[in-house]
Amino acid sequence: MLFTSFSQWTPFHISIRIFAALILGCIIGLERGMKRRGAGTKTHTIVCLGSALVMLTAQYMEVAFPGKSDMARMAAQVISGVGFLGVGTIIVSGHQVKGLTTAASLWTCACIGVAVGIGFLDGGIIVCLLMLFALHVLPLIEKKAYKHSKYFTLYLDVETSKTIPLLMSLFRTEHIMVDNFDVIKPKVKGQPFSIFVTLKIPDSKKVDEYIVMLEHIKGVLSVEFM
């Protein structure tokens, strides 16, 4: 234990746990709220407080009715049950999925609440700090790493399936390796085909040049860098 144990069933320890859940949930919620994400301060704080209360209730049941309750089962229900909130923050728009990070932060916030609610403040505080690191620092590292990556994903709209051989011919000519290639056929005749393709290019500095080449292929309607 890095800190004093707060797992004892006393008014002081109970108050500390509830207050810690309030603060940690609020910190994570503020980070999401400042970025104008679907679930902000209120949602994360309430999730963390609710999870903490579940564990406090589980411990109360164990104290009041020894041997007649299962604390682990209540924790499991929180961790699995909070998923419905996460689903509400995920938005699928066309070929893009948004809200996964917010959904993950909600789930982790519930886990923090469970840990704090049972008195494991060490884990709750450390995970909260690491979450802030992951949400703020990792994107900067990721952005720099991606600049040197030779892999990139494109979303293309093409008139017909006859355009696909032309794409493959360009890839062979430019020594571009196809890592993944998915074709989505139109539901209505006459609509364009959609293609998701992940490519490995010889030179990461020529991404824009390759995209221009693809845009000039006959039958390619649009090229979007993802």
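**Salt bridges and overall build**

Q: How many salt bridges does the structure hold?
A: The structure holds two salt bridges, meaning a side-chain nitrogen of Lys or Arg within 4 Å of a carboxyl oxygen of Asp or Glu. This is a predicted model, where local features need pLDDT of at least 70 and side-chain atom pairs count only at pLDDT 80 or more, while totals for chains, interfaces and linings use all residues. Residues are numbered from 1 along each chain as its sequence is written, and side-chain values use heavy atoms, with hydrogens and water left out.

Q: Which residue does Glu31 meet in a salt bridge?
A: Glu31 pairs with Arg32, at 2.8 Å from N to O.

Q: Are those two, Glu31 and Arg32, buried or exposed?
A: Both Glu31 and Arg32 are buried (under 20% relative accessible area; exposed is over 50%, partly exposed in between, with a 1.4 Å probe and protein chains only).

Q: And what does Asp70 form a salt bridge with?
A: With Arg73; their closest N and O atoms are 3.9 Å apart. Asp70 is partly exposed at 38% relative accessible area, and Arg73 is exposed at 57%.

Q: New topic: how much of the chain is buried?
A: Buried residues are 35% of the 226 in the chain.

Q: What about contacts in the chain between residues at least 6 apart in sequence?
A: Of those, 66% join residues at least 24 apart, a contact being heavy atoms within 4.5 Å.

Q: Last one: what box do the C-alpha atoms fill?
A: Roughly 75 × 40 × 30 Å, along the principal axes.
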